[in-house]
Amino acid sequence: MTKLRLAIVGAGPAGIYAADIAMKAERDFDLSIDLFEHLPAPYGLVRYGVAPDHPRIKGIITALREVLDRGDIRLFGNVEYGVDITMDDLKKHYNAVIFATGATKDVPMNIPGIELNGSYGAADFVSWYDGHPDVPRTWPLTAQSVAVIGNGNVALDAARMLAKHADDLLVTEIPDNVYQGLKASPVTDVHVFGRRGPAQAKFSPLELRELGELRDVDMIVYDEDFEIDPASQALIDSNKQVFVLNKVMNEWRTRETGKASRRLHLHFYANPLEVLGDDAGNVTGFRYERTAPDGTGGVVGTGEIREVEVQALYRAIGYYSSPLKDVPFDVVKGVIPNHEGQVIDESGKHIPGVYATGWIKRGPVGLIGHTKSDAMETIAHVLEDQDSWWTPEEPEEGAIVDLMESRGIEFTTAQGWTALDEYEQKLGEPEGRARIKVVDRETMLKESRAE
């Protein structure tokens with residue numbers, strides 16, 4: 001009987017869902033799957049890209065964990081593709097590979113001053129407050145007034161974490177170094193800027209509501225942003241999510257403000273022009289052009305230029321994927337070129353044995369439901385492409401383990417993740433917390449490898 005040895009690079013939701021769907025798919029051959037993850041722990045952006053005060057994410061992690069706990073899919077953490085294992089290694093030991101490496105970098109923003117001290121990518125900030133092991137332990141939180149550029153959930157997450165009082169995060173898994181950094185922050189005002197109007201914002205209703213529930217933080221919205229044009233009104237009337245967003249923000253317009261020690265401002269119709277700085281190269285302000293609705297859901301410039309005094313700026317205008325060794329990459333779209341998950345070359349021809357799923361396949365948009373449908377599409381092709389699978393020289397399941405051990409790779413396993421998970425929970429027990437996330441890679445490896 002034919003057996004498919006399948007490698008999946010990336011153990012976030014995209015990779016784990018692909019493995020689960022493949023295992024459950026109807027087929028007339030055996031299947032074994034190995035997940036490779038460059039971090040010692042699995043779950044990708046669910047663990048390292050979502051603010052710690054989102055308890056609903058625990059439900060997603062529970063579902064992902066159930067897949068790994070079944071024991072029919074192997075996990076190898078702390079293994080970096082292109083460094084520890086190569087495409088040639090995969091071809092030697094597997095019939096095919098699916099890349100599910102996601103998108104973790106910030107989309108660049110090309111305006112004058114973006115390179116100044118105090119100008120940051122929101123993705124880097126998210127990695128810091130989520131305790132990513134490969135980023136510095138400290139973050140320069142010295143600004144009283146901060147600008148966040150973007151009108152999506154990442155912008156809201158960054159703004160909420162900046163404005164929220166650190167003590168209110170102690171019920172979460174927030175690492176101690178992050179708590180201490182946020183505790184010392186002198187911030188009083190966080191300004192979120194969007195180029196279009198409130199009806200075009202890409203917030204989810206739950207994310208937006210959470211802002212209004214922050215303790216000792218006033219929500220500030222501006223009446224001039226709520227002169228709704230016909231195109232926006234049609235969107236509000238036809239889209240339930242937009243209707244809810246509009247309702248929430250209009251309720252904030254009636255709130256009494258002025259008593260809180262911190263303020264979170266939402267600005268719309270603001271087109272970024274420049275990050276202002278001083279002679280020492282530090283951020284001092286943000287300059288933008290006031291825009292106006294164009295009647296079709298877009299905006300046009302008004303010529304009115306405004307400035308806001310800030311000492312730090314975060315861009316949250318999207319995520320961007322990283323290219324992978326020996327894999328085609330579209331630098332414009334930030335994805336692996338593919339047809340329904342089949343990776344293609346410059347001529348549009350499928351490269352045998354190579355597939356993609358998740359954000360590296362379609363770009364950083366969509367939620368978990370999209371990730372599942374992505375995986376289903378890709379897996380369907382993997383299973384149907386039996387005639388073009390690789391023919392590995394050493395397909396035995398122990399061969400890849402022998403290879404990594406011979407190279408001195410300190411890989412972790414699903415059992416090791418369970419041990420690390422239990423260790424993090426024990427760290428939280430004395431403080432009555434569900435867990436405290438371990439930040440440094442050495443400790444993660446020590447606990448995962450039972451050293």
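**Entry 1: a surface pair.** I started with Glu 256, which forms a salt bridge with Lys 259, the closest N and O atoms being 3.6 Å apart. By salt bridge I mean a side-chain nitrogen of Lys or Arg within 4 Å of a carboxyl oxygen of Asp or Glu. Glu 256 and Lys 259 are both exposed. My scale for that is relative accessible area, with buried under 20%, exposed over 50% and partly exposed in between (1.4 Å probe, protein chains only).

A note on what I am looking at: this is a predicted model, where local features need pLDDT of at least 70 and side-chain atom pairs count only at pLDDT 80 or more, while totals for chains, interfaces and linings use all residues. Residues are numbered from 1 along each chain as its sequence is written, and side-chain values use heavy atoms, with hydrogens and water left out.

Entry 2: How many salt bridges does the structure hold? I find 36. In one of them, the side chains of Arg 441 and Asp 134 meet at 2.8 Å, N to O. Arg 441 lies in helix α15 (residues 441-448) and Asp 134 in the loop between α5 (122-129) and β7 (145-149), so this pair ties together parts that are 307 residues apart in sequence. For such labels I take DSSP runs numbered from the N terminus, helices being H or I with at least four residues and strands E with at least two. Asp 134 is partly exposed, at a relative accessible area of 44%.

I also looked up Glu 431 and Arg 433, whose side chains meet in a salt bridge at 3.4 Å, N to O. Next I noted a network in which salt bridges that share partners join Arg 47, Arg 65, Asp 69, Glu 173, Asp 421, Glu 424, Arg 435 and Lys 437.

**Entry 3: a charge without a partner.** Glu 37 sits in the loop between β2 (30-36) and α2 (45-48). I find Glu 37 buried yet without a salt bridge, and the nearest side chain of opposite charge, Arg 441, is 7.6 Å away. For charge, Lys and Arg count as positive and Asp and Glu as negative; His and the chain ends are not counted. What does the side chain of Glu 37 reach? It reaches the backbone nitrogen of Leu 39 at 3.1 Å. Leaving aside neighbours within four places in sequence, Glu 37 is in contact (heavy atoms within 4.5 Å) with residues including Gly 10, Gly 12, Phe 76 and Asn 78.

**Entry 4: rings.** I count 20 aromatic pairs in the structure. The rule I use pairs rings of Phe, Tyr and Trp (its six-membered ring) if their centres lie within 6.5 Å; planes under 30 degrees apart count as stacked, over 60 as edge-to-face and the rest as tilted. Phe 36 and Phe 76 are stacked, with 5.5 Å centre to centre and 25° between the planes. This pair links distant parts of the chain, with Phe 36 in strand β2 and Phe 76 in strand β3 (residues 73-76), 40 residues apart. Phe 36 is buried at a relative accessible area of 1%, and Phe 76 is buried at 4%.

Phe 76 also pairs with Phe 411: the ring centres are 5.5 Å apart and the planes at 85°, so the pair is edge-to-face. Phe 411 belongs to the loop between α13 (397-406) and α14 (414-428), 335 residues from Phe 76. Phe 411 is buried, with a relative accessible area of 12%.

I also followed a cluster in which ring pairs link Tyr 120, Phe 125, Trp 128, Tyr 129, Trp 139 and Tyr 314.

**Entry 5: the cores.** Phe 125 came up again here. A nonpolar core is a set of buried Ala, Val, Leu, Ile, Met, Phe, Trp, Tyr and Cys residues joined through side-chain atoms within 4.5 Å. Which members of the largest core touch the most other members? Of its 55 residues, they are Phe 125, Leu 208, Leu 264, Leu 266 and Tyr 314. Helix α6 (residues 153-163) supplies the largest share of this core, seven residues. A second, separate core of 41 residues includes Tyr 43, Ile 57, Ala 96 and Ala 100.

Helix α6 itself is mostly covered, with nine of its 11 residues buried. Among them are Asp 157, Ala 158, Arg 160, Met 161 and Leu 162. Leaving aside neighbours within four places in sequence, the contacts of Phe 125 include Ala 158, Met 161 and Leu 162.

Terms used:
Polar contact = N/O pair within 3.5 Å; in protein donor to acceptor, adjacent residues only side chain to side chain.
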